[in-house]
Amino acid sequence: MQLKTNNQSILQKIAPFIGLILIIVIITILNPGFLSVSNLMNVLRQVSINALIAFGMTFVILTGGIDLSVGATLALTGAVSAGMMASGVDPIFAMLLGLLLGAVLGAINGIIIAKGKVAPFIATLATMTIYRGLTLVYTDGRPISGLGDSLTFQMLGKGYFLGIPIPVVTMIVSFAILYFILKKTTFGRRVYAVGGNEEASILSGINADRIKIYVYSLLGLLAALASLILTSRLNSAQPTAGEMFELDAIAAVVLGGTSLTGGRGWIVGTLIGALIIGVLNNGLNLIGVPSFFQQVVKGAVILLAVLLDRKKTA
Amino acid sequence: MIRMTDISKSFSGNKVLKNVHFALEKGEIHALMGENGAGKSTLMKVMSGIYTRDSGMIEVKGEKVHFTSPKQAEKAGIAVIHQELNILPHLSIADNLFLGREETIGRTGILKTKQMEKKTRQILLDLGLDINPADPASSLSVGKQQILEIAKALSVDAEVIIMDEPTAALTDREIDNLFKTIRDLQKRGVSFIYISHRMEEIFSLCDRITILRDGEFVGERKISETSFDEIVQMMVGRELGERYPERKSTIGEIKLAVKGLSRKNCFEDISFELRRGEVLSIAGLMGAGRTEVAQSLFGYKKLDSGTIEFDGKQVRIDTPKKAKEMGIGYVTEDRKSEGLVVDFTVEENVSMTNFAAISKNGLISKDRERQLYDTMVKRLGIRTSGPDQAAKSLSGGNQQKVVIAKWLGIEPKLLILDEPTRGVDVGAKKEIYSIINELAERGVAILMISSELPEVIGMADRVLVMHEGKITADLAKNEMTQERIMHFATGGGKLAVEDQ
Ligand SMILES: Nc1ncnc2c1ncn2[C@@H]1O[C@H](COP(=O)(O)OP(=O)(O)OP(=O)(O)O)[C@@H](O)[C@H]1O
Ligand SMILES: [Mg+2]
């Protein structure tokens, strides 16, 4: 039913998937090594961080919003949890606090946007600067390392579960939960409703402000989760972590066919969008495209995909 | 002038037009009638190139045509005023009027703003609207935006003008002005296709009428040779009987009592009581502040002062959510912007107000959702191709029923209806009246805002008349006449009882 809700034909919905297959085929022809299990695991692990953020971004964009501050949220939450771990705080507690901080930073965005009636683009542009600044203040501009050897924390970024990297497992579990929330719960339905027609939603007795605050909090929480994975993998927190992550996340959402004006889209598309970006990053390396030129190709592919999508909608 | 033969059109397998014929002669005003969803708007969209036909032939002035865009139709002298407004709210009124054919200095692209504003003012004055053309279009009420749409079509020098329910949001005076303009243009040889659900208008304005039912051509008549009853019969395929069904409700204790409600620049000192089982109507001209009163009662707009008593207890209603929890429903005036999420399916729209009924612990039960949908579709006779049809592809009248369906689900104790039958066909109107009656009989208090005076008189137990934000009269059933209501709605003072 959700298929028709968003008023896209099935063909339109699977278009991103076809795009992904096409890119994989081309890359594999140029370098068959792409399809090796170890490389695929690698791709998935690289994708997981962007995917987690993009899942949250899907909720935000579905309500008609946008969040530019996620990269900075990731850096700040990573730095704070790492700082606590380095100073000997119980790692589990430090991680939980990091997640909580992420949700709070997101809620602040949501409150500014919902209650202060500030355009999401501007509000999060400002908090992006503030959160990044706070990270620099907190870390004094230096990486934080010496995070101890808590097994839970180390596993988060580097461990395996049944041969699958834990970050990938985290991504899949989060995806399943979020998919369920969007599709089966009243909250999910309200997210679509607020993005589809805010006025009609409010007049139907939906607390649109609260929905907005929730989606930004959710995104903040997911950014914090991504930051823990990243910190664990690097075994340190970088003050510059997460720069430009917001753009990759937005690109994944849009590649997946979710409309930037809100109300239309789905999270499966976002997963595929994130995979497209991840496969491109990895594949362009494998086939030896010079790194500066990679960016040009990546941008061009995104543009092409979105243009094709518009053609079909028209 | 225009001849359409054997036109068929389907949407995803659903046949909406079946071999329809339509012929328009030069200089005539040709009415197109039919129930909601009969295919009137679709036929006009096929004619003007918005939809492509599946089969059939269209001739304009004897020549076969195949328009693929509205622009081409416009070039051929056909202008369309659609049922849905297409106004760009942030542009000025003049900019909207000249959109796409702006007057510039030579070919420089520099706009002759003053000149366009002057022309705009003149065109709108002819339609009886005195406004500053430099104001943003969003400052206009829905009714005035409709007039602006009409002005757009009139100002392209079209030979054929198609009007799809142009008067649904207009006041009587605005309608008079529109009709005068239409007749003037008719004398100059312009032909009109006029779609409306208002019988009175069709009979006073049109020369001929074509009737559609379920996407089929039923017949064509000269207005002078047909009757109200014949047309209704052709439209619905059966006798309809009384337009306003009888209500047997007992008026009970006071449900809602408001005292001294005021909101700056909207309304002032509004006081009234509404009882269980009573239908109280608020009449008045567009812009009299009726909708604002409703929105404030529903917690959507803030009140500056005044008190509200609900069930004898003083309450504050500051959000629509709270109003809903108290058992108040509000069928909004503008279904597209306030009533529906147009991208949602019909089912999802009905669910929007009813999460409590269809979910448990935040999980939506598909079965219960479907059940609610089925009940509502049956109860209101909504015509859809299924629960998954997008609300935006429903016909106008059926969209209106969906908005009503949203609120019936909550079993309201007080239902506010703002222009509940706007754009609704005769048969469906009667169904809506029956639903209002049924609710009243069950003890629901009804507050009905309406600009259609026959409807007010036919339905209300009591009517409040508003003029410029104030209540100017409170008339009981036996005191209501169209003349009296109009008198108070236009700001006339007290009438002596004997002029009744
Ligand atoms: N784009 C579309 N996709 C699918 N179905 C459509 C679409 N447009 C119209 N329909 C269907 O076609 C039928 C005819 O609709 P149309 O809008 O022409 O009715 P109408 O006679 O103008 O009714 P109303 O008086 O309510 O405006 C309806 O059943 C409607 O649901
Ligand atoms: Mg129509």
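This is a predicted model: local features need pLDDT of at least 70, side-chain atom pairs count only at pLDDT 80 or more; totals for chains, interfaces and linings use all residues.
## Chain A at a glance

As for secondary structure, chain A has 14 helices and 4 strands. Its radius of gyration is 19 Å, close to the 20 Å that the globule rule gives for 314 residues, so chain A is as compact as a globular protein of that length.

Along the principal axes, the C-alpha trace of chain A spans about 55 × 55 × 35 Å. Burial takes in 54% of the 314 residues. The accessible surface of chain A is about 13200 Å², and carbon and sulfur atoms account for 72% of that.

## Chain B at a glance

Chain B brings 18 helices and 22 strands. The globule rule gives 23 Å for 500 residues and the radius of gyration of chain B is 23 Å, so this chain, too, is as compact as a globular protein of its length. Its C-alpha atoms fill a box of roughly 70 × 55 × 50 Å along the principal axes.

Of the 500 residues in chain B, 55% count as buried. Take the contacts in this chain between residues at least 6 apart in sequence: 65% of them join residues at least 24 apart. Chain B exposes about 21200 Å², with 48% of it supplied by carbon and sulfur atoms.

## A six-stranded sheet in chain B

One piece of chain B to trace on screen is an open sheet of 6 strands, in the order E16-E19-E20-E13-E21-E22, with mixed pairing. Strands E16 (328-331) and E22 of chain B sit at the edges with a single partner strand each, so one side of each has no neighbour in the sheet. On average, neighbouring strands here are turned by 15 degrees against each other, ignoring direction.

Two helices of chain B pack on this sheet. Helix H15 (residues 396-408) touches E16 and strand E19 (414-418), and its direction makes about 175 degrees with that of E16(B). Helix H16 (residues 426-441) touches strand E13 (279-284), E19 and strand E20 (445-449), with its direction at about 150 degrees to that of E20(B).

Strands E21 (residues 462-467) and E22 (residues 470-476) of chain B run antiparallel and are joined by 6 bridges. Across the pair, B:Val463 stands opposite B:Leu475, while B:Leu464 stands opposite B:Asp474. The hairpin has 2 residues between the strands, and B:Glu468 takes a positive phi near 45 degrees in it.

In general, side chains along a regular strand alternate between the two faces of the sheet.

## Nonpolar cores

The largest nonpolar core has 153 residues, and the members that touch the most others are A:Phe55, B:Leu256, B:Phe272, B:Leu297 and B:Ile446. Helix H11 (residues 208-234) of chain A gives the most to this core, with 14 residues.

Leaving out residues up to four places away in sequence, B:Phe272 touches B:Leu256, B:Ala257, B:Val258, B:Leu280, B:Leu297, B:Leu447 and B:Leu464. Another core lies apart from the largest one; it has 48 residues, including B:Leu148, B:Met163, B:Leu185 and B:Leu240.

Note on methods:
Residues are numbered from 1 along each chain as its sequence is written. Chains are lettered from A and ligands numbered from 1 in the order in which they are written. Side-chain values use heavy atoms; hydrogens and water are left out. Two strands pair if DSSP finds at least two bridges between them. Axes are lines fitted to C-alpha atoms, for helices over the stretch in contact, and angles run from 0 to 180 degrees between N-to-C directions. Contact means heavy atoms within 4.5 Å. The radius of gyration is taken over C-alpha atoms; the globule rule is 2.2 Å times the number of residues to the power 0.38. Buried means under 20% relative accessible area, exposed over 50%, partly exposed in between (1.4 Å probe, protein chains only). Accessible areas come from the Shrake-Rupley method with a 1.4 Å probe; for residues, only the protein chains shown count as cover. A nonpolar core is a set of buried Ala, Val, Leu, Ile, Met, Phe, Trp, Tyr and Cys residues joined through side-chain atoms within 4.5 Å.
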